[in-house]
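Trainee: Could we go through this one together, a piece at a time?
Mentor: Gladly; ask whatever comes up.

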Amino acid sequence: MKGKVEADHGRLVSPRRAAVYWRRLRLQPVALAGTFIFFLFLVIALLGPLIAPYDYAAQDATQRLQSPSLGHWMGTDNFGRDVFSRVLVGARDVFYLGGIGTLLAAVVGTSLGLLAGYVGRLWDEAIMRVLDVLLAFPALLLAMVLLATAGPSDLNLILVIAVLYIPMFARIARSMVLDLRTREFIEAARLRGEKRSYILFREMLPNALPPLLVEASIRFAYSIFLVASLGFLGLGVPPPNPDWGRQVNEARTFFDAAPWMLLFPAAAISLLVIGTSLMADGLRHVFGPPVARGSR
Amino acid sequence: MRVNSSRRLHLLALGCALALAAVLFVGCGSGGQETTTSTQAGVTTTTGGIATGGILRVATEPTANRDPAFASARADILINQQVYDWLVEVGQNNQLLPGLATEWTSPDGTIWTFTLRSEVTFSNGSSFTADDVVYTFDRLRNPDVGSPLVGLYANITSIKALDPTRVEFDLKEPNPEFPSDVADYHAAVLSKTVADPSTEWVGTGPFTIESYSAEDRTILKKNPKYWMKDGQGARLPYLDEIQFVFSPDLAGQVEALRGDQVQFVAGLTSELVDSINADSKLRVLTGPSSAFHYVIHMRSDAGRPAADPLVRKALQLATDHQGLIDQVRPGLAVVGNGTPVGPAYGDYYLDQAPGYDPDQARRLLAEAGFAGGLTITLYAQQALEVPAIATVWKEQMKAIGVTVDIQTVPPDVYYGEGDASWLKADFGITEWGARATPNTYFNAAYITGAAYNESHWSDPEFDALTAQINSELDQAKRGELYKNAQHILIDRGPVIVPFFETAAAGMSAAVKGIELAPDWSRTLFRAAYFVR
Amino acid sequence: MAAVPGHVTTPGRMGGPGQLVAPTFKTERLSVVYLTEQGPLRAVRGVSLSVAAGETMGVVGESGSGKTTLALGAIGYLPANGRVESGTSRLAGVDLAGRPRRELRHVWGSKVGLVSQNPQAALNPTLTIGRQMDEMGRRHLSLGRRAAREASLAMLERVAMPDPQAVASRYPHQLSGGMLQRCALAMALLTHPAVLILDEPTTGLDVTSQATILDLLDDLKAQFHTAILYITHNLGVVARVCDRIAVMYAGEISEEATAPDLFAQPLHPYTANLLRCVPRLGGQGTQERLATIPGSLPQMGDLPSGCVFAPRCPLAVEDCRAARPPLVEANAGRKTACLRWQILRSEEGRQTALQLDLRAAAPLTLSAVPRAPAGPPRVRDGSSSPPGTLVAMPQDLLTVEDAAKECPGPRPRSTVKAVDGTTLSVGAQQTFGLVGESGSGKTTLARIVAGLTRPTRGHVHLEGTPLGPSVSGRDPSVLRRLQMVFQSPETSLNPRQTAGQAVMRPLVLLAGLERREAGQRARELLEAVRLPASYFDRYPGELSGGEKQRVAIARAFAAGPDLVICDEPVSSLDVSVQGALMNLIGDLQDGAGTSYLFISHDLAAVQHLSHFIGVMYLGALMEMGDAARVLASPYHPYTEALLSAVPVPDPTSRDHRMRLRGSPPSSAETPSGCRFHPRCPRFQGDLCRDQAPPWRLSDGGVIARDAATPATADAAAAAAEHAICCHIPLHDLAALQEAGRR
Amino acid sequence: MTGFILRRLGFVILTVLLSSVLVFGATHVLPGDVATMILGREASEQAKDSLRQELGLDRSLVVQYGSWLSDLARGDWGTSLSTGEDVRGVTLERLSNSAMLALVAFFMYVPLGIFLGVIAAWRRNSYIDQVISAGSLAFVGLPEFVTAVLLIAVFSRALHWFPSSSAIAPGTGFFSALPSLILPGLTVSLTSLAYVVRMTRAGTAEVLETDYVRTARLKGLSAGNVLFRHVLRNSLLPTVTVIAAGVGWLIGGLIVTESVFGYPGLGRLVLFAVQRRDLPLIQATTMVIVTIFALANLAADIMYALLNPRIRYR
């Protein structure tokens, strides 16, 4: 007993806490389904090319616009490429662009928000006013102008997604700080002379993390949508990239000849967005602070 | 007396549902008598079996510039075609037909005299004379104005109005194809009373511009004083009005065609042709094989990967032209070769199947020092069929170990100033519209130092041949020279030409009298009419 | 029955004093179950209660005992997952339990009225008071718009609301809690309901506001002749207002009796202990130990098969654990659910039933922590400091000198003086108790001392060394010596750190221990606050309120502080937990030699723990001195009012009513002259209004309050045994107060 | 209250001003060349240069910004580079078209969204709730251009209820344009619907849990009275702000939807302007959008304050 003083302290998610989260998640079938969908797609994204039955870029002029069959579960596209393989591999780009972009926004936005909220005064004003300006633009419009400026490329898409989302994360982090700042445990920390960085990152951040995670998953879902819309506007990722938005966009003129070209990637987008949204809903509850078993 | 709560809630639900339904049904109620589809409402008189009147709605991409001297978007050309006349018109088979000029002669190819039609008036009421022609062509060759034709017309030394119906062009060097040159789509005949054609739209064509908006719609009204008559002696045009409805989205344009909100959509891709063919109320119009083509240019100046002719030849040989057509535009194209001269140019066309030999290509590549493969960046506009061509070509190049990174850019960036522009990129896909004669391409983009030599290619032998073509009067000899020049292009030239496009348009089955021009943007609607 | 304009008497209503004995409202073997993910939770089991018209029935119990569920279940209002499992609840013969809501809507509001705990939350923030009240008249009395408003205004008048017209046009946020509760009461009474349910109606209010509401209830009871079900956890309040009392424990009634009987001779061990948990005014002070009830309420999903109280009961025998004891009639009108109630009839038996927790906490041996040598014990000798001179008191651990804090007020360019020039000192190993209503500035003062709020002026010294105005400027060695226990157990611990982490952190940071050593020491500390070592890895969410507060105390004591500021550390906890914590706080002082600045609005708690008391009003001290002296006559009129407002858990006490005038202070404007004069029951006229009162010392000395040297005055007052800031000489005050008592 | 509005208005002006810097800056580093756009890629360099000079593109950025801003404020929004039209005229005309479309969309999804959200909250965790939540979510993931394709396939091609293209003629009145507005309106609505449903549901569910709703119920009020007088007044407060924030979403959706349906609105104009590098047009349209967006948020703030006595009486 005395030997193992603290096994897992200082870690953000201890195994014990993970068990708590899992137990809570299990109690919400809808959120559980959403989480399952999200992770299913995440696995697909990681394994995409390995599990895809065909090379996503391999063309076969003899197999153009084939309807779904045993050989091609989701049919083929206008280049004779296997739609199923492209949907599988496309998940990678969705997670790559949206995921990295959202993550970047989360890190930068949260840091700015923490800084603005805790340091306050001039910093707060300056940071928040600048971010307000970014928020003053409809997201798609801003993305359009920025991408038209920077030119469409994977990196720029990621950066644009990040720029778009930074203000939201900053706002949430800031409001969390403003809320937490008056909590008594923060005052207790100040009373024992904790450094500002300790208070921000060790005392506040773990508490601000759940709403940020929820926001991140919502933003991630929206980024799929955003990338797709940008593709429609001619600012998406370059071919032969199997990004779902690009696929859907390319498939539109083929809707009569080969509706499956559009429907399957569109369904994938929809499913992932729904799954992620449902997961986000559930996370709100799941990541609440640990409470006693059996209490309400 | 008391409505219980759940009942009231249901009533509320019902109310909302009804409101929504009402909105929907207001919509469908008037959906039947579609306000924008009253196309044939005005069709009344019949002359010689042809109904006159009516409004034709044409869907195209937005326009860019109203000044014919700077027309570049296909919509620009298509509208100009209805508003203006040319001295010489180009027929379905690239043959020259009388336009405002009824005949043209030259004793030696350096002095060209055009006889003009009399009793033609401009839409502003002024009558058309030789001075208008002088004004038009002086403007086109004026470097200060800067039209793209300045280079083509640099050969002209002077333009003189001999009398109101005769104009003489004096050239420095003999040019047997000069009548073709005056048929260029930029060379619409303007009225000398117009100082700025981009804002004053005065032409002698069958229609006049009633209202103009570059990104929404442009409305043309019948020009009642148009000079041309049909076979029965009735004045053209038959239609009362043409509306050009602009939409950036081809799929949306075709949807509008299906809904009879427009009656004509050109520039179709194969899959859209298939889907329109399936609709009994619509029909597909295809033109002859056109000069419209794409080139995949390979920058050939020193230090570039394609500077070595072996590399260029290897990429040529690795390109499966028929494969490209089958994947991108099945049934609506003719295989290209390494040359911009397509079958539309008749005698000048070098009917030689492109070589396809990946093994040889790989050997050549190895010989050039790229045995381990080669990675290149291909700039592709996010427009037309460029992304599709890039996609298929990339896959084809994979077979010989060439990795193609596709960089998509908006068209204006591609044709802009930056490093991604067509004149700077190592590899790029550029589309080229129809020109009256093939040497126009040679002079503009293939001879050493040409302004649009996107591949920075330089071949003295080719330059010399082009100079000869420019002034060779003998038709047969010119054909020979063209073929020699093309052999050089195929052998060591800087471009891959995937295919020559066959234009296709979708139109309402109720519309007749339209022939699709080889370059569909030059299609004329003056003889179009609605059948009852 | 008083005539309300347009009031239509509903047929079938009970009425007339002649039927006093017949119960108006009666539940029989009522059981309520909640269907949850953990399975069904039987929150109320087999409860039988009855209230007659004109009678007030109190239901007392700690949080989680099911008293609110009982009330809501009895009137047929339960959340979606709640259901009356069995039993009946009759109002004038009609069973309400388990009836569809549609039918109950005619009963609710018209025959059953409810006033709930937090008036600010219970009234719609977007509707005026008038509109919310009018709904009652329009819905149940079929009144028109105008008549309904007239009825509302008349009712506001009856609840002694000044200027009903103005109040009706106000929004809830514009009124104080006491006023709102008065409105809520008026709203509930508008239809002259047969039953009025009051669910902790005064819990969120200051003791002075509570007193006026309770006074009002006395009046209304007489006027309306309604059956009242009064739910509360406060024993003093039930003693004050109820005729009969039922004690609830874990969803069952453990005892039922008339109020005098219950307090005179509880016949259930739970009641007996509950009555001894809380300190009483005029009790033994720091020597007295309070009763505690070890353990906690059983989980509703996992109830013992026998007596639900058996696991915590010192009298429990085998039989108790075998089967649920029935509620038996002990005497006429007395019921108890204890098998061994007979034992409690004797004084001896009662003493064995009490769990006085005589085991003091093991003294904290802070061997591992380097401690500054404690200063010499403070000699409390008032004469050594001549009045009128500022004395530096090196023997004092903490001195606060003329501290003031002004904040921007609600209106532009207005300032609020949260603390307005306060001077006090705390001796080593002493407890200084600070009392006052909410808004009196006591918390702000504490925060100034802690360095969490930067004072507008004034200084804080620790053993004569000035402290920086903000924690961030204070030396770590100072931080170690000065720690704080906060009010809310819910926010005082980081929900994402375990108890162990919370206690370890100051050990690592302030005492400079190795992590391993700190972990070991943290376990000792947890044990010192009577928490099992296994709690080391628990998150705050897994702890009860009392346990959280114990962790917070352990954390405050971890680095061996010399002074701990306790800001209402027990006020949000259940009574049975309060006692134990106050014992602990006392024990820790004895063991570790710590001084306290103890802040509370609860006079009894302050008296219980403090050596020295200061009474604060609107940012300034009004009275200060030795604990015993402050709480004995002569008092400052404000102290007197506070004391008289405290409901005493003894129905037999003839309470002395001394109520404050006017509305509770808003801290926006500090009144001229004596700041207390607008509400002072002993207001003397112009003198009080125009001139600042002097500090009068118990030895007869007077320190004229001079605006230039307020600090001097307070300091001198602090040095004396007892001082009051009032224009009335002390012996006159004593005489007045003696006269009032008679 | 007046002070509150003035302060908010100040924020709006500040935001719009700062946005103008961003708009101006971004448009001026846009790659691509206006002169090429206008004159065509084969026009001579000389012609392009003289055009650039004519357009004032060779002056310093600060000078250009200053004159641009003052012209903009004076109502002179310049001449479109690519069409030669008066920017203000065309922008305002397209704005009125977009306003019609937004209005239709607004009246489709806001009442419906609120209604469904309230129902879902009222019958929380029932199957109706699940159906509403899942149903509204189904569309939120689909980009507008996909929703549009599906809607056209059903309502236009199969049922022939509505036109597939909404290229209304200039000056078409609201009622004659209405049939053309239904499908694009529905397209925008379906993506925004879920948002409103979720927000309303959350807000209403929260209010339903409050003490004052319990008080209202225990006053014996009818369900309708409880819902309309006590619940909605409070639960729609946050929804108001959400709907205003949704205006940004709506505008984004309009860019895509108007392009698909060929509807001559502001969204399509923005896209056209960006694609053509038409600086005056980009600047004017984006500034109009930013201003509308800011004003929508201001309106929401004011509405919020008006509906909320805690802010109104300060």
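Trainee: How many helices and strands does chain B have?
Mentor: Chain B has 14 helices and 22 strands, where helices (H or I, at least four residues) and strands (E, at least two) are DSSP runs numbered from the N terminus. This is a predicted model, in which local features need pLDDT of at least 70 and side-chain atom pairs count only at pLDDT 80 or more, while totals for chains, interfaces and linings use all residues. Residues are numbered from 1 along each chain as its sequence is written, chains are lettered from A and ligands numbered from 1 in the order in which they are written, and side-chain values use heavy atoms, with hydrogens and water left out.

Trainee: And what box do its C-alpha atoms fill?
Mentor: Along the principal axes, the C-alpha atoms of chain B fill a box of roughly 100 × 70 × 40 Å.

Trainee: What share of chain B is buried?
Mentor: Of its 532 residues, 60% are buried, buried being under 20% relative accessible area, exposed over 50% and partly exposed in between (1.4 Å probe, protein chains only).

Trainee: Switching to chain C, where does C:Met658 lie?
Mentor: C:Met658 lies in the loop between helix H23 (637–645) and helix H24 (686–690) of chain C, and C:Met658 counts as buried because its relative accessible area is 6%. From C:Tyr638, C:Met658 is 20 residues apart in sequence and 9.7 Å apart in space, C-alpha to C-alpha.

Trainee: Is C:Arg138 buried or partly exposed?
Mentor: C:Arg138, which has its place in helix H4 (residues 129–140) of chain C, is partly exposed, with a relative accessible area of 39%.
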